[in-house]
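Please look over the sequence and the structure below before reading on. The paragraphs that follow go through a few features one at a time.

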Amino acid sequence: QVQLVESGGGLVQPGGSLRLSCAASGSGFSIYNMAWYRRAPGKQRELVAAVTSGGTTDYRDSVKGRFTISRDNAKNTVYLQMNSLKPEDTAVYYCNVGYYMDYVPYDLWGQGTQVTVSS
């Protein structure tokens, strides 16, 4: 069984920074894609950034140049460095991990971490 633990959310002023982490634990699995999503109040969940096993990244337009996704394969951890935060970045952020176990693909979500950008 694979579990995800997120950390790093909080309250920050506009223009500030936060770093989110999401660590996968368990045994016998191999991660391919890792991503961060967010859901703002009254809105649908949206993809923020993703990184493949080969290191290819993708970002939604509104965070390009401000957010950076990275992964540490040895630690099975994905990070989201968020700089120049804006009030519209306020949301619950969820990590999403795609992995194989016994050649079967699975999709797992973290518990979510609140990010609030406010003065």
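How many disulfides does the count come to? The count comes to one disulfide. Keep in mind that this is a predicted model.

The disulfide joins C22 to C95, with a distance of 2.0 Å from S to S. A pair of cysteine sulfur atoms is called a disulfide when the two are within 2.5 Å, so this pair qualifies. The link connects distant parts of the chain, since C22 and C95 are 73 residues apart. To find the two ends, look for strand β3, residues 18–25, which holds C22, and for strand β9, residues 91–101, which holds C95.

Is the disulfide right-handed or left-handed? The torsion about the S-S bond of C22 and C95 is about 40°, so the disulfide is right-handed. Next, are the cysteines buried or exposed? A residue counts as buried when its relative accessible area is under 20%. C22 has a relative accessible area of 0%, so C22 is buried. C95 also has a value of 0%, so C95 is buried as well.

In the loop between β7 (67–72) and β8 (77–82) lies N76. Its phi is near 50°, which is a positive value in a residue other than glycine. N76 has a relative accessibility of 25%, so N76 counts as partly exposed; this class covers the values between the buried limit of 20% and the exposed limit of 50%.

Further along, the loop between β8 and β9 contains S84. S84 is not a glycine, yet it has a positive phi of about 50°. With a relative accessible area of 39%, S84 is partly exposed.

The last stop is T116, in strand β11, which spans residues 113–117. Its relative accessible area is 25%, so T116 is partly exposed. Which residues does T116 touch, leaving out those up to four places away in sequence? They are G10, L11, V12 and T90.

T116 and G28 are 88 residues apart along the chain, and their C-alpha atoms are separated by 36 Å.

Key
Residues numbered from 1 in each chain as written. Predicted model: local features only at pLDDT ≥ 70, side-chain atom pairs only at ≥ 80, totals over all residues. Heavy atoms only, no water. Helix = DSSP H or I, 4+ residues; strand = E, 2+ residues; numbered from the N terminus. Buried < 20%, exposed > 50% of the residue type's maximum accessible area, 1.4 Å probe, protein only. Contact = heavy atoms within 4.5 Å.
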